Amino acid sequence: MKCALKNRILRLPITAVVIAAFLAVALLASAGTKKPVAPKVDLSKLVWPPPPDEPRIRFVGQYNGELELMGMKPPKAGMLERIAGVSVSEEERPRLWKPYGVAADSKGHVYVVDTPQHIVFMFDMENKKISFRGEKAPANLSNPIGIAVDDHDRLFVTDSKLHQVTCFSPKGDFIAVFGEKDLERPAGAAVDSALRRLYVADVGKRRIAVFNLDTLKLERYFAEMKNPDDDRTGALTNPNSIAIDPDGLIYITDAIVPSVFVYDTDGNFVRVWGKRGDGPGMFGRPKGIAIDADGHVYVADSQLNRLQVFSAEGKPLLQVGSGGWGPGQFMLMAGVAIDSSNRIIVVDQLPARIEVFRYITDAEIKRKQESPAQPAPTSAPAEPALEVAKKPAVPSGPTIEELQKELADLKAKLAVQNKDTNASQPSKPTPDAEKKQ
């Protein structure tokens, strides 16, 4: 490892070596300086909105690689190793470098595109394992960006450099490559299983391509401006992410405008919302987009580093997160996805990780309101019925009527005994009889 590191550093430009030496000296000079300790965060209380409002989103965890899935802390690389760009050591297990698109399948597996590593990570959170897609021929990826999963758990990965889409089976086997003649620079993707469609954002042509899920053939484009004199209402400038709501409406983020555009299933423009700014409902550079079980729209902003939640009509409802390195904070957001278990998976590129949240649905809130907690007792709690039943019964004694009957029976018995005694004894002579004698 040391030899490999030495050879890697020797191949660096002289400027990088000088910078590395300068930083090493600076680190040695500040070795005696005590770093401030970041305050610990009680993750169980990391919710949005904060109390006293009813929480709707809870923080679950953050993961960079397999060690974090197993609850272990990966070793930190040295400054020189990081500057030299040396790959992660074998002890660290596979880790994300620069994640971008994210999706989830019906089994709860989370798929994350890692663009510089040219692969797709599959996070199996239940079994705490990681596997890969696209790491071997013929499914080699060059510059993967977008990702989507259909109702059969087939995986679709867009490649902006090879201007194509690669399809994988649920087990990770290569199925097909398509779209190389139909796409110029594909980015985000989304699946409408009901209509058997795959939507792909073509940034190069500023349009949306529609492919048939069964034949993998191009059906048509929409939002395409062919003539400069055409009406530009609803025209896309830099479409990067797509989401489909339960009614089939298509939501597209545009990073340059910046806004969210909505189209119907026929590709007709419906509405648009958002403008540049940092206030509620405004965007810096919107990237990822997803829709939860209740139809709320989530937009990840890579410039403002916040996740905004909207109604289907574009009304701002909630803001999650802020700039920072800690849990529930972001430094360079990218994709966002929501799975069937109402988990919200957000990609952050600095540091490279995914942050997982849990959406509390309207139905869960309603059940909680219909079953309020029992009030606390004001006095000492009564003894449980089961405990009372276990105690031996105490005899209550005879009643007055029973005692009176028993006394009458006793008197009758005594009277009989006295009569029998008198009958058996001789009678005594009277005084008059004694005088006559």
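Me: Happy to look at this predicted model with you! Is Arg358 buried, partly exposed or exposed?
Reply: Arg358 has a relative accessible area of 25%. Buried would need under 20% and exposed over 50%. Arg358 is therefore partly exposed.

Me: Which residue forms a salt bridge with Arg358?
Reply: Side chains of opposite charge can pair when their charged atoms come close. Here the closest N and O atoms are 2.9 Å apart, and the cut-off for a salt bridge is 4 Å.

Me: How many residues apart are Asp151 and Arg196?
Reply: Asp151 sits in the loop between strand 7 and strand 8 (155-159). Arg196 belongs to the loop between strand 11 and strand 12 (197-202). The pair thus links distant parts of the chain, and the separation is 45 residues.

Me: What about Asp150: how far apart are the closest N and O atoms in the salt bridge with Arg154?
Reply: Asp150 is buried, at 4% relative accessible area. Arg154 also counts as buried, at 15%. Between their closest N and O atoms, the distance is 2.7 Å.

Me: Let's turn to the second largest pocket. Which strand supplies the largest share of its lining?
Reply: The second largest pocket has a volume of about 990 Å³. Of the 44 residues that line this pocket, the closest to its centre are Ala104, Val149, Val191, Ile244 and Ile338. Several strands each supply at least two residues of the lining, including strand 3 (99-104) and strand 25 (333-338). The largest share, six residues, comes from strand 11.

Me: How many residues of that lining are nonpolar?
Reply: The lining divides by residue type, with eight charged and eleven polar residues. The nonpolar residues number 25.

Me: Finally, what accessible area do Trp325, Leu332 and Leu350 have together?
Reply: These three residues form a nonpolar patch on the surface. Leu350 lies in the loop between strand 26 (343-349) and strand 27 (352-359), and is partly exposed at 43% relative accessible area. Together, Trp325, Leu332 and Leu350 have an accessible area of about 300 Å².

How values were computed
Residues numbered from 1 in each chain as written. Predicted model: local features only at pLDDT ≥ 70, side-chain atom pairs only at ≥ 80, totals over all residues. Heavy atoms only, no water. Patch = residues over 30% accessible without salt bridge, like charges linked within 9 Å, V, L, I, M, F, W, Y side chains within 5 Å. Areas by Shrake-Rupley, 256 points an atom, 1.4 Å probe, with all protein chains shown as cover. Salt bridge = Lys/Arg side-chain N within 4 Å of Asp/Glu carboxyl O. Helix = DSSP H or I, 4+ residues; strand = E, 2+ residues; numbered from the N terminus. Buried < 20%, exposed > 50% of the residue type's maximum accessible area, 1.4 Å probe, protein only. 1 Å grid on protein atoms, 1.4 Å probe; cavity = no way out; pocket = protein on both sides within 12 Å on 5 of 7 lines; lining within 4 Å. Points joined across faces, edges and corners; volume = space filled by probe spheres on them. Nonpolar A, V, L, I, M, F, W, Y, C, P; charged D, E, K, R; others polar.
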